[in-house]
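I opened this entry to keep track of what I looked up, in the order I looked it up.

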Amino acid sequence: SLVIRSFIQKYNGSLFNVLARIQTDYVAEKLKTLYPDVLLEIVAMSTIGDKILDTALSKIGEKSLFTKELENALERNEVDLVVHSLKDLPTTLPNGFTIGAVLQRESPHDAVVLHPKNSGLTLDTLPDGSVIGTSSLRRAAQLKKKFPHLEFKDIRGNLNTRLKKLDEKEDYAAIILAAAGLKRMGWEARVSQVLGPEDCMYAVGQGALAVEVRARDCDILGMVSTLHHSETVLRCIAERAFLRRLEGGCSVPVAVNTEVKDSVLSLTGAVYSLDGADSLKEAMETSVDSGNKVEESADIQHVGVTAHNVPQCAQVAAEKLGVDLADLLLSKGAMEILTTARKLNDAR
Ligand code: DPM
């Protein structure tokens, strides 16, 4: 029988190492059910992120910093697959690697976790000057504009530390985290409010798990491909194509909202200045009907994703949707907004 190993990621200063373990176990369980004869071994590994504990994600820079060590291990055949939160994977993967599975998305939305003393309140009803903890430029930009009576401050450390900082001190009135991460940690009960697109659009790929593999390893690719969730694949291809065209990484205020309904994929995308005062937001849609005749593409990968079992024409249409929406925003001045945001954040 085949031995599959997968890494537990510990990137971003151990920020999400418990979460990473939960996510890896989740994928391992799914594979075990599908392939009972395959022996799975989980390997823990700490990455460079552990050495830069106290730096906000948006200040560390390239996301690929975190994934590189994991890819080295894939390359050396030390592991066969790596489990990631899709939103932490760059839109362009290094040669030789691909996303072999995108699992069904959890809630992609952001959630409010209140200090216990504020129980019953919402972002709207929190007192003037209340301090909200988040290190996400995307969340801060949107919420600053929408809730001008609130103040925003960076918050660091792993999820446990963040909740501790919230509960045991008086520094923050509330913190904002991804609903999906909170759910996987078993902390759903702490969610007081889930933010809809009117308040805060989500990050590209948020809420979806991805399995990265060696692009040429057909056996393992075939095996993990059964984990693909078609609708999530198409939404995330559109979102990632949008972000890639904008040349955005994890450190830019870019947000999206996607939906598939009656074989129509719709994508709303936006870019923001750091204070949210400047923004551009547009929406587009495309048919992802598998009978839809669009030009076949020579590429098997779409923004890093290999999904032989999802109709190619739908993947091509989804990628084109993301690119077209980004081009529309670029024609309206999106690059200026993002360049200024990047410069100001670097100077912070
Ligand atoms: C990225 C961002 C954050 C993570 C930036 C953003 C939040 C960083 C912070 C790209 N990755 O969302 O605008 O709050 O300091 C991360 C989380 C998850 C994956 C935690 C979270 C879990 C949810 C998921 C960190 N990466 O966002 O609360 O799997 O999508």
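**Loop residues.** I started with S263, which sits in the loop between β11 and β12. The model is a predicted one, and in it S263 has a phi near 60 degrees, a positive value in a residue other than glycine. Most residues other than glycine have a negative phi, so I noted the case and checked for another.

I then went to N77, whose phi is also positive and near 60 degrees. N77 is placed in the loop between α3 (64–75) and β3 (81–85).

N77 comes out at 48% and S263 at 33%. Buried would need under 20% and exposed over 50%, so N77 counts as partly exposed, and S263 is likewise partly exposed.

**Ligand.** I listed the residues around the ligand next. There are 20 of them, and K87, D88, S136, R139 and G207 are the closest. I sorted this shell by class and got seven nonpolar, seven polar and six charged residues.

For polar pairs I looked at the oxygen atoms of the ligand. In S136, a side-chain N or O atom is 2.7 Å from a ligand oxygen. S85 has a polar side-chain atom 2.9 Å from an oxygen atom of the ligand. For R184, I also read 2.9 Å between a polar side-chain atom and a ligand oxygen.

I checked the cover as well: of the 630 Å² of accessible area that the ligand has on its own, the protein covers 96%. I then asked which elements give two or more residues to the shell. They are α1 (17–34), α4 (137–146), β8 (174–178) and α6 (179–185).

Why does the ligand lie between the two domains? I found that domain 1 (3–106 + 204–347) and domain 2 (110–194) both give residues to its shell, so the ligand lies between them.

**Nonpolar core.** I finished with the largest nonpolar core, which has 40 residues. Those with the most contacts inside this core are L86, I99, F242, L246, V254 and V271. I traced the core back to its elements. At least two residues each come from β4 (97–102), α8 (230–245), β11 (254–261), β12 (264–272), α9 (312–331) and α10 (334–347). With eight residues, α8 gives the most.

Key:
Residues numbered from 1 in each chain as written. Predicted model: local features only at pLDDT ≥ 70, side-chain atom pairs only at ≥ 80, totals over all residues. Heavy atoms only, no water. Near = heavy atom within 4 Å. Polar contact = N/O pair within 3.5 Å; in protein donor to acceptor, adjacent residues only side chain to side chain. Areas by Shrake-Rupley, 256 points an atom, 1.4 Å probe, with all protein chains shown as cover. Helix = DSSP H or I, 4+ residues; strand = E, 2+ residues; numbered from the N terminus. Nonpolar A, V, L, I, M, F, W, Y, C, P; charged D, E, K, R; others polar. Domains from an automatic or database assignment. Core = buried A, V, L, I, M, F, W, Y, C linked by side-chain atoms within 4.5 Å. Buried < 20%, exposed > 50% of the residue type's maximum accessible area, 1.4 Å probe, protein only.
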